[in-house]
Amino acid sequence: MRLLWSSLLVFAALGCGNHDGGGKGNPDAAPDSPTCEGIGCKQVQCTGGGTTSISGTVFAPNGTLPIYNATVYVPLRPLDPIVSGASCDRCAELSGNPLVRTTTDEQGRFTLTNVPATTDVPVVIQVGKWRRVITVPSVPECTDTAVATGMTRLPKNKTEGDMPRMALATGEADALECMLRKIGIDESEITNSAGTGRVHLFQGGGGTGQFDAAHGSSTFTGAATTLWDTEAKLSAYDVVFLSCEGEGNRTVGKTTAAKAAMRAYADKGGKVFTSHWHLEWLAGNTPPWDNAITFYFNGHATGETTLPDLGNITADIDATFPKSDALSKWLLNVGASTVRGKIDLRDAQHTAIGFNPTYTERWIHYPGAGARRPSVQYASLTTPLEKPATEKCGRVVFSDIHVSSGDLSANNLLYPSGGCTTNVATLSPQEKVLAFMMFDIASCVGDPIE
């Protein structure tokens, strides 16, 4: 088996015990017992209910935004390489035969208990195909070892670890491409599809389509339609982000074949983030996709005219399922909310007015007032919709918000200097929601919240 560079760190930490495939280390076994394996032989029993632990906080690549529900573990064996492209990645399928594992809380914090008391302990930090391996130089027994903050952020480039392969289509009504820089991805990793970056940019309707001089002046090789016209092209990517192209481009390029390709991509494990008028991938698709969210605009659902935008509102976070409840706590922790369960949104749209709970989870909504109908601002689907939960692999997120307020995308603007004018220090509340969702959508499916 080919070893990742990070796996070599794991090999360096493996020492005693037989390799009989038994898996876990045995905390009750004496050192060098035949029932333990590798550094599992260095686990110790502490008196008085104590434990040997490693603790820290996982951050986004920018080092400031904490990551909720990241998996953190000590592997016993070398890690398998991560293969790019849509695949059915279930959360139980961690490589390296984890000895001990945990997940981060709403503040991004973790504590690994019963870890080996030894030197050079490998620790894996993983969110889907984001993966970084660090080495803790020394772990004294029966005490906690706090890991330095700089060690526990996700990789900002592929020299630091694994990153998903991502595609992003620009659009005239939103600027999702500017968020990639804010969450800390190195600009060297943001290229066109002919480049070697982990993020490939495509030009969507009316959106930015060329890099500025400081970044080579190259064009985005191909329109967004060349990304989504076949399942095979989409399937080269782990995550696809689709910036709103405006109502006039709602159906442009979204052919019957393209919609079937997008659905097949998500069903095989692809992850899709759709902004506002990219609702066509749902509303204009075949059942049950067209029944997952109820839309209100010309030609769909009601046959009536588009509802006026909601503007600036205070929306509700739907805390009826574990991850949305965690979002409400996370938003408080990062200063995006002042009241748990509430969030201020700017320029909220009003095209989604309901959801089908059989297929859809509603994250953020506006209950409506007076003559206004209720509105769904964030919703997600786990695919294939027709399959039981144990067979679902992909995700689709719909946002009825133009998330990158303050930044612009247009075909006369160059990336990034032309329209990306804000930075991580000025993230709005809705951009923090987007950051949360960017990592959640990239995560594996079926993960227990521990």
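My entries below go from the whole chain to one helix and then to some charged pairs.

**Ground rules.** I am working with a predicted model, where local features need pLDDT of at least 70, side-chain atom pairs count only at pLDDT 80 or more, and totals for chains, interfaces and linings use all residues. Residues are numbered from 1 along each chain as its sequence is written, and side-chain values use heavy atoms, leaving out hydrogens and water.

**The whole chain.** I looked up the secondary structure and found 8 helices and 19 strands in the protein chain. These are DSSP runs numbered from the N terminus: helices are H or I with at least four residues, strands are E with at least two. Next I checked burial: 58% of the 450 residues are buried. Buried means under 20% relative accessible area, exposed over 50%, and partly exposed in between, with a 1.4 Å probe and protein chains only. I then turned to contacts (heavy atoms within 4.5 Å). Of those with a separation of 6 or more, 70% are between residues 24 or more positions apart.

**Helix H8.** Does the span of this helix agree or disagree with its residue count? H8 covers residues 429-442, and its 14 residues should span 20 Å at 1.5 Å a residue. The expected span is 1.5 Å times one less than the number of residues. I found the end C-alpha atoms 20 Å apart, which agrees. I also noted that 13 of the 14 residues are buried, so H8 is largely enclosed by the rest of the structure.

**Salt bridges.** How many are in the whole structure? My search gave 22, each being a side-chain nitrogen of Lys or Arg within 4 Å of a carboxyl oxygen of Asp or Glu. I picked out a few:

- Lys182 pairs with Glu431, with the closest N and O atoms 2.8 Å apart. Lys182 sits in helix H2 (residues 176-182) and Glu431 in H8, so this pair ties together parts 249 residues apart in sequence. I found both Lys182 and Glu431 buried.
- Asp162 pairs with Arg131 at 3.2 Å between the closest N and O atoms. Asp162 is in the loop between strands S7 and S8, while Arg131 is in strand S6, 31 residues apart. Both Asp162 and Arg131 are buried.
- Asp325 meets Arg340 at 2.4 Å, N to O. Asp325 belongs to helix H7 and Arg340 to the loop between H7 and strand S15. Arg340 counts as partly exposed, because its relative accessibility is 44%. Shared partners join Glu106, Asp325, Lys329 and Arg340 into one network of salt bridges.
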